[in-house]
Amino acid sequence: MLTPRSVLPSRRTLLRSAGAGFGYLAFSAMLQAANKPLASKQPHFRPRAKRIIFLFMEGAMSSLDTFEYKPELVKNAGKSGPGGGVLTPSKFQFKQYGQSGSWFSELLPNIAKHADELCWIRGLHTDTPAHPQAVVQLHTGSANAALTRPSMGAWLLYGLGTENQDLPGYVTINPPPNFGGAVNYGSAFLPAQYQGTRISDSGFLPNLKPASSARMQRNQLDLIQAMNRDLAASPDAPEPVDGIIESYELAFRMQGKLPELLDISTEPQHVLDAYGVKPGPEGSFARQCLMARRLTEAGVRFVEICQGGWDHHTNLHKGLIERCRQIDQSTSALLTDLAQRGLLDETLVLFGSEFGRLPMAQGPDGRDHNITGYAMFLAGAGVKKGFSYGATDELGVRAVEGRMHTNDLHATLLALMGLDHKQLTYRYAGRDFRLTDVAGEVHDAIFA
Amino acid sequence: MTAYRSYALALVASTALYAAGSPEQIEFFEKKVRPVLVNKCYACHSAETKPAGGLRVDDRNGLLRGGESGPAVVPGNPAQGTLLKRIQHQDPKRRMPKEGDPVTDAELAALTAWIRDGAAWPDEQVRLDTGRLEAAYQRIRARHWAFQPLTSPQPPALNSSWVWNDVDRFILAKLRERKLQPVRDADRVTLIRRLTFDLTGLPPTPAETDAFVADKRPDAYERLVDRLLQSRHFAERWARHWLDVARYGESTGPSRNIPYPHAWRYRDYVIDAIDRDIPFNRFIEEQIAGDLLPAADAAERDRLLAATGFLAIGPKDVNQRFKERFVMDNVDEQIDTVTRSTLALTVSCARCHDHKFDPVPITDYYALAGIFTSTELAAGLRNKMGGAGLDYYDHKALITLTSTVPPPPADKLARLQSELAIAKKEWDAIRGTPEGLALDSNGRPKQRQYRLRYERLQFEVLSLTDPATRGYAVHGVREGKEIGDTAIRIRGQAERLGPVVPRGFLTAFTVPNAPKINPAQSGRLELAQWITNPQNPLTARVFVNRVWSHLFGKGIVSTVDNFGRNGDRPSHPELLDYLASKFIRDGWSLKRLVRDLVMSHTYRLSADKLAANQEADPENRLLWRHSPRRLEAEEIRDAMLASAGRLELRPPAGSAVSQFKMVEIRDNGLESRSLHEAADRSVYRSIYLPLARGITPRSLEPFDPVSQTLVTGQRDGTTVPTQALYLLNSAFVRRQALALANSLLSDPKRTTEQRIRQAYRLVLNRLPTSREIARAAAFLKTAESAYATKPPKAPVAAAASLPPPQPDDPDDPDNVDRTEYALPEESVQADNARSAAWLDFIQALYASAEFRFIR
């Protein structure tokens, strides 16, 4: 229903009343519609998931040593592989888990316990076998260096807004320091409010620590807001002043709430133990998992956490043991915790890397990049459980079934969130842009 | 009449240059040769893997061009080319394939026979989809406003004392048409603040404001305008606008972020050109073709060389696998920058297909591309996938300045060079071999020490031989080694060649008497002349519109970077043409243009709203009032420093980036931390801050700094809580507030009221009302007594600053250390209750919305 302009008090009038003791909350509520780019928005269709947690294994985790079991690779060990190189099966033992009978290697005993909750996509492929481009493409849909694109979290916020107005809607913890860096959580040409808020793996965010005590700062803020209301009431007031007044209140609330949320030390000991929280790099991913759960619970739309160090051209054997130890228990704990809190019904978990690794050996103990076929898993809201979609060939080189390009993955994720990737557009530099550029196909076979 | 070239082309193109063979040859290739390439080589040398050594064998051009060690195949001559040599190499470590089954004798014979027979490759038939839109293009060329010749409209004859110059005639005529009244004039205090920020990016000092308010001469405003136009700060402010358009950045950006240590010379060139009011047409010619213009002396030559930095300092993907793609991506970046900055057309859309909206066929794009493929990009870089250290640096690919470089000590150099040669040989021998990859007792690959030794010697040799390391180089362009037209790339894919297109310019509009491209040169000079030809309908319009938008908040065409059909239409087309043609008549002078605009009555209106006008024209497109504007990130920082008396107005030498080697900068590395620290410490104007891509100074970051990736004529203006958090809690803001607080308190004779007045004058550039004085005094009293009972937290000093950055030394550049060199947050606190209260008060002034806007 349209409200005739004259019936609503003007914002100017409201602001004057606000100065005269009109309740701040009422005032704020009335401003909401006009002033909140991050307010929750209607999706294009019924969403299957409300939030996403992305567990990013940066560097390309070797699926053939962890969750892709290829008997033909074992049979052909030592033979020359397609394109050259020696076919080399994993040195780790595989076995089947759960009703679904999914295969996992001994490196992931804890994640394996969730076999019947996971939804595998095993036919992924992408364009560039180099981390810098592939990481950026996974996060923004395009590796075009000259025209940086918005990250997928930014697109989600742009399309859906956020559920909790006191918190950033998009948080990235411990993102890669190279491979595009801030591009991977940036908003590019979308307005800046959609960019990801970067937090370190110890929960640090710049300028969040109050410069003075809460009482002194509130006094100071009252003075600032009094000045702002004077300005808003002047005949030559700039339009955005109302928004600025609002942003100060939000910042003040965020400053109270976010540090508390990121302070995982208040969790009970058994929870800390379940995740395997420790100080230092060894416990980094566990801390990130726990922060992710807390942020998700508080309504953050998109949380990404990151474990690097999977680029095993050398030292594959020991390297994988070490890396998997760092992520297996914590990932499993996160899945359990989300389920126990009922969050998994609304939260979609995505786990994986920018590409995979080849079945042929590289050097004495390594594997090179493979962009032609690799796997990721999903879990939680909107996807089938204990399900596997797509496949690589029998040696694990090339995706042959259920082939999904990065653009298809993005289209599918948006669809799970209730967004049509073709409709989610933003006009910039003379054309309409999408996360999926001019491609992307929704693979609804994985939908629950 | 120019013949449009798009429809004259054959529609079917072959993607492999003259490669198709007879059916027998093709059959032989498919049966005997392709399987060998696929099975024995693809794992390391194809589009889907990495092209080790820069070589790919899944594409004929890839074989012909070869990798780092030259062509792999020379058709007809098996004795040349590296392919057969490496397959038969004596040294098993160098023999291909390195892993898996070796090439059999039969396979080798087949490869040899195939090469001897001309290396036939099946011809891929691809439709080159061009020309279909020609009929639509003709209509658009004839009708779209921006492609029509520039006119010189007469200003409307109006008899009104409101009119102060011709700009006002156009504005008032439109307002009258719509029966709208302009609002009252701005008062002098508001006006001097507006004008000083608009022209110099700085606030007026209290003395300047007082003098202007007191100046009763009829030409007081004019004098003010002329004083500001003369100031070097005008050049710094307006150079920043151009640097936004020129997507200025001091590193390559995504993938591998390699610094541009000499980019600041381009920055300084722009400031200097604007300071001298170099005519805009000349300014453009210098940036596109400075190396081709005559120079009277060495200093002028160096200035013109620095100007070509415009074409070199864009974002680049140095980790690109294929040279051809690296080249064509950079050409695309140059085309986009040149055409959108000067013509506001999205020509880049025609890289893959005919432009869908504007009459830019793919043939036009490659006509321009030939100009840039005939140009050598000398950014100091080469492409390489998975490189490390100095791998991306090519010191020969920089422009050496003409100033004399003293010779290096010959003995020392000779010794180092021979050591380097040995180190390189050893490193090449062990690199990637099983022996090299085997772990030593420290758990690191054995080859590592060889690489480190090689890189150290590289650094040492370069520090003697490299003019850049010694400060005599710029990033720029020069004429290419090969000059010639280039082929259309089918669907924009660098390797898929279509027909060759003669070099030339756009056909969207006609520029009479446009110069013909000299076949012996790249064509950049003629391109620059074509762009700046007075009869080019876009260049002057686009620039005048950019300038207008900086002074009036919005362009006459609101899409300042897009004058195509998807862009906005002008709100005042006659005014735009009047200004553009006058700009050309006035010798393309930026200062005269700015002067004309700010001398108008329109510019001097107040920002007051009028309900009736608001209803009819809420966007103020008709200019019935002055639209308030946000201060940009640089202005906010500069104004804080200036008001606190800490701004250093003299320019610094160089940039913090200039001490860097061309080695990757990571977000968490020592290099980026040292840049952040340099930016935090700096008290120079913001234009001089280090601006490596992705490492935005913390004092600019919250306020929508320019993105540095594409031509940007208009900054974003978002309102986000991180801005509020920055203003409430950041060390930078509190440091300036404390400095100003202490300076106000330092004179014991001043009363509180006098101090409050001075604070308002310095920060908000106006006097407070009596109500504001009372409110501030009450705040100060409460705060001081609260701090007296509970003192502020003890100040925490910033960590000691870091040593100068060292090159990073990862085993594998893709597998870097992830330790965060966390930037410590300093806590800035006053050491007594009174100064703490004043700090809070001054900070509140900085945090007020009023500080962030000019009206």
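Into which domains is chain B divided? There are domain 1 (17–123), domain 2 (146–228 + 532–629), domain 3 (406–466) and domain 4 (633–807 + 821–854). Please keep in mind that this is a predicted model. Take domain 2 of chain B and domain 3 of chain B. Their centres, taken over C-alpha atoms, are separated by 61 Å.

Now the contact between the chains. Chain A puts in 72 residues, and chain B puts in 94 residues. On the chain A side, the elements giving two or more residues are helix H5 (131–140), helix H7 (214–233) and helix H8 (241–262). Which of them gives the most? That is H7(A), with 10 residues. By type, the chain A side splits into 38 nonpolar, 30 polar and 4 charged residues.

Next, the cores. The largest nonpolar core holds 175 residues. Leu378(A), Ile842(B) and Tyr846(B) have the most contacts inside it. H8(A) supplies the largest share of this core, 11 residues. Look at Tyr846(B). Beyond its neighbours within four places in sequence, Tyr846(B) is in contact with Met640(B), Leu727(B), Val733(B), Ala737(B), Val763(B) and Phe851(B).

On to Glu850(B). You will find Glu850(B) in helix H31 (residues 849–852) of chain B. Is Glu850(B) buried or exposed? Buried, because 22 other C-beta atoms lie within 10 Å, and the cut-off is 20 or more. What does Glu850(B) touch, leaving out residues up to four places away in sequence? Met227(A), Leu231(A) and Leu764(B). Compare Gln736(B), 114 residues from Glu850(B) along the chain. The C-alpha atoms of those two are separated by 17 Å.

Last stop, helix H11 (residues 263–275) of chain B. Does the span agree with the length, or disagree? At 1.5 Å a residue, the 13 residues should span 18 Å. The end C-alpha atoms are 19 Å apart, so the two agree. H11(B) is also mostly covered, with 11 of its 13 residues buried. Among the buried ones are Trp264(B), Arg265(B), Arg267(B) and Asp268(B). Just after H11(B) comes Asp277(B), with a positive phi of about 50°.

Key
Residues numbered from 1 in each chain as written. Chains lettered and ligands numbered in written order. Predicted model: local features only at pLDDT ≥ 70, side-chain atom pairs only at ≥ 80, totals over all residues. Contact = placed C-beta atoms within 7 Å. Helix = DSSP H or I, 4+ residues; strand = E, 2+ residues; numbered from the N terminus. Nonpolar A, V, L, I, M, F, W, Y, C, P; charged D, E, K, R; others polar. Domains from an automatic or database assignment. Core = buried A, V, L, I, M, F, W, Y, C linked by C-beta atoms within 7 Å. Buried ≥ 20, exposed ≤ 12 C-beta atoms within 10 Å, placed from the backbone. Expected span 1.5 Å × (residues − 1).
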